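Here are a few friendly notes to read alongside the model. Take them one point at a time and find each element as you go.

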Amino acid sequence: MHIVCALYHFTRFSDPAALKPALLDLALAQGVTGSLLLAHEGINGTIAGSRAGIDAMLAHIRALPGCADLEWKESTASEPPFPRMKVKLKREIVTMGQPNVDPKARVGHYVKPQDWNDLIRSPDVAVIDTRNDYEVAIGTFEGAVDPQTESFRDFPAWWEENKHRFHNKRIAMFCTGGIRCEKSTNFLIGQGVEDVYHLKGGILKYLEEVPQEDSSWQGECFVFDGRVSVGHGLAEGPHLICHACRRPILPEDRQRPEYEHGVSCHHCIGETSEADKARFRERQKQIELARKRGENHMGGARGV
């Protein structure tokens with residue numbers, strides 16, 4: 001089994017570029033794969049590897065400036081969830097596009113997973129899912145508002161257009177691991193909303209700690225790795241990924257007439273031109289050729 005570790009931490013890195021080489025070198029040495037984002041505001045990402053490899057990475061990250069109290073969430077995967085390791089430099093570790101938002105200054109009230117059900121079932125509470133539309137489509141909390149945003153950057157505009165709906169309501173927000181809510185709650189506080197709450201540890205922590213029989217969660221939770229989705233107890237879900245549009249699909253969706261591997265699915269078939277699809281087919285052909293060359297090379301090596 002592979003340990004999958006999701007983490008984020010807001011802290012001030014004066015020179016995030018200087019942190020990249022050591023993180024990448026350690027990951028390669030430990031056989032750890034995944035993706036880490038570095039920005040002046042902190043670190044965010046998901047990595048996977050052996051127990052020893054993940055422990056080495058966490059020890060290194062906790063030794064970075066301001067990261068001693070780093071929190072993370074772990075689950076497992078039966079297959080390697082990432083093909084390689086990437087460490088990227090970004091303007092933001094989660095992109096909201098609001099320069100005045102500062103989670104280090106103030107955020108909403110954290111709510112533990114065990115207390116979340118009571119909060120969201122209160123009649124004076126509006127529950128808002130801050131994730132993207134394709135994530136919400138495969139699972140969300142009972143009664144949650146879906147902003148139907150294509151990216152987190154769209155959330156501030158959605159709030160401006162819809163804030164009248166939540167007059168005299170307490171606002172409870174949630175996301176996959178908690179990072180988007182750090183920014184969205186700070187944003188709402190800056191907009192004058194005082195009673196703002198968010199699920200500590202996000203959906204992943206809730207699914208890990210709250211028994212299915214007591215759960216208000218419906219469906220699966222989209223994750224940004226090879227597992228595609230997880231359910232209660234963080235068990236791997238049934239979803240696959242459409243390699244054309246990166247949206248989650250179910251195994252039976254591959255039998256639909258709109259599906260062509262690497263080219264289209266029922267979500268995206270109408271979103272691309274025939275020229276796009278021809279380009280996708282050529283890309284898929286090259287991927288298959290590269291895969292076969294790799295298999296032939298490995299077979300020859302074993303025969304030596």
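Predicted model: local features only at pLDDT ≥ 70, side-chain atom pairs only at ≥ 80, totals over all residues.

**Notes on a sheet and its helices**

1. Next, look at the neighbour of β7. Strands β7 and β9 (residues 170–174) run parallel and are joined by five bridges. To see one of these pairings, find Ala126, whose bridge partner in β9 is Ile171.

2. Now step back to the sheet. Four strands form an open sheet in the order β6-β10-β9-β7, with parallel pairing. The edges are β6 (109–111) and β7, each pairing on one side only. From one strand to the next, the twist averages 30°.

3. Val111 has Leu199 of β10 as its bridge partner.

4. Which strands does α3 lie across? Helix α3 lies across β6, β7, β9 and β10, and runs at about 135° to β9.

5. Helix α3 (residues 113–120) also packs with helix α7 (residues 202–209), at an angle of about 105° and with the axes 9 Å apart. The two helices are therefore roughly perpendicular to each other. On the α3 side, the contact involves Pro113, Gln114, Trp116 and Asn117; on the α7 side, Lys205, Tyr206 and Glu209. These contact residues divide into three nonpolar, two polar and two charged.

Definitions and conventions
Residues numbered from 1 in each chain as written. Heavy atoms only, no water. Axes fitted to C-alpha atoms, helices over the stretch in contact; angles between N-to-C directions. Parallel < 35°, antiparallel > 145°, perpendicular 65-115°, else oblique. Contact = heavy atoms within 4.5 Å. Nonpolar A, V, L, I, M, F, W, Y, C, P; charged D, E, K, R; others polar. Pairing = 2+ DSSP bridges.
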